Amino acid sequence: MFEAAVMKPSQAVKNRANRIVRLLAKLYPDAKCALHHDNPLQLLIATILSAQCTDVRVNMVTPALFARFPNVRAFAEAEQDELETAIQSTGFFRNKARNIIACCRQIQEKHGGEVPNTMEDLVQLPGVGRKTSNVILGNAFDIPGITVDTHVLRLSHRMGLTRHVDAHKVEQDLMALIPKKEWTMFSHRMIFHGRQVCFARKPNCAECILKEVCPKIGVEIKKVQQSTTKGS
C-alpha cells in the first residue's frame with residue numbers, strides 16, 4: 001500500500017511550489033509527453049522501452065515495432081528473439097522484451113486485452129511501477145499523476161520541494177504540494193525544464209525563469225567546491 005506523506009509541508013514551501021507551478025506553466029504552456037503514441041497500449045510499451053533510454057531513440061524504434069505488433073495479442077504471442085531484435089537499440093532489450101510479453105499476456109488474460117486504468121492494476125503488470133503507471137494514467141486516461149523521473153527528482157531537490165531521494169517519497173511530497181489537477185502537466189513541465197535549462201551538471205540559473213524563487217539547493221555548494229578545486 002502506498003503510504004501517506006511523511007511530513008506536512010511548511011507554508012513557505014507551499015508558497016514556493018505555487019509560484020513554481022505558475023512560472024513553469026507560463027514557460028511551457030504546451031508541454032506534453034515526448035513519447036509518440038496513438039493509444040494506451042502504445043504508450044505503455046514506449047514507456048517500458050524508455051527506461052535507461054532517450055525518448056528520441058524510443059520514438060525511432062516504435063513506428064516499425066507497432067506496425068509489426070499492432071495489438072496486445074500480437075505482443076503477448078511475440079517470439080522473444082524477434083522482439084529483442086526489434087527493440088535492441090533501446091538497451092536492456094532482453095529484460096524489456098521479457099517484460100513486454102509478460103505484461104501483455106497479463107493484460108490479455110486479466111483485463112480483456114485492454115490496458116487497465118487504475119494504479120492498483122497497472123503496478124501489478126510485469127515491468128510496470130508507479131512512474132510508468134502515472135505516465136499511463138495521466139497521458140492515456142487523463143487521470144492526474146506525478147511522474148518522478150530523473151529530471152523531476154533532481155529539480156525537486158534543487159527547488160527545495162523535497163528532501164527525499166526515494167522516488168515514491170518524492171512523489172508523496174509533490175502530491176502534497178501541487179494541486180491535483182496540475183500533477184500531469186507539472187511533471188511534463190519539470191521534465192522540459194530539466195532538459196532545457198536545469199541541467200544535471202551545469203544548470204543555467206542565470207537565465208532561469210525560476211531564479212528568484214528557487215533556492216538552488218546543491219548548486220551553490222557545487223560552485224564553491226569547483227572554486228576551491230581551481231584555487232588549490
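**Ring pairs and cysteines in a predicted model**

Mentor: The structure holds two aromatic pairs (ring centres of Phe, Tyr or Trp, its six-membered ring, within 6.5 Å; planes under 30 degrees apart are stacked, over 60 edge-to-face, the rest tilted). This is a predicted model, where local features need pLDDT of at least 70, side-chain atom pairs count only at pLDDT 80 or more, and totals for chains, interfaces and linings use all residues. Residues are numbered from 1 along each chain as its sequence is written, and side-chain values use heavy atoms, leaving out hydrogens and water.

Trainee: How is the pair of Tyr 28 and Phe 192 arranged?

Mentor: Tyr 28 and Phe 192 sit edge-to-face, 5.9 Å centre to centre with 75° between the planes. The two are 164 residues apart and link distant parts of the chain.

Trainee: Is Tyr 28 buried or exposed?

Mentor: Tyr 28 is buried at 7% relative accessibility (buried is under 20% relative accessible area, exposed over 50%, partly exposed in between, with a 1.4 Å probe and protein chains only). Phe 192 is partly exposed, at 23%.

Trainee: And what about the rings of Phe 69 and Phe 75?

Mentor: Those are stacked, because their centres are 5.1 Å apart and their planes at 25°. Phe 69 is buried at 2%, and Phe 75 is buried at 1%.

Trainee: New topic: how many disulfides are there?

Mentor: Zero, counting pairs of cysteine sulfur atoms within 2.5 Å.

Conventions
Helices (H or I, at least four residues) and strands (E, at least two) are DSSP runs, numbered from the N terminus.
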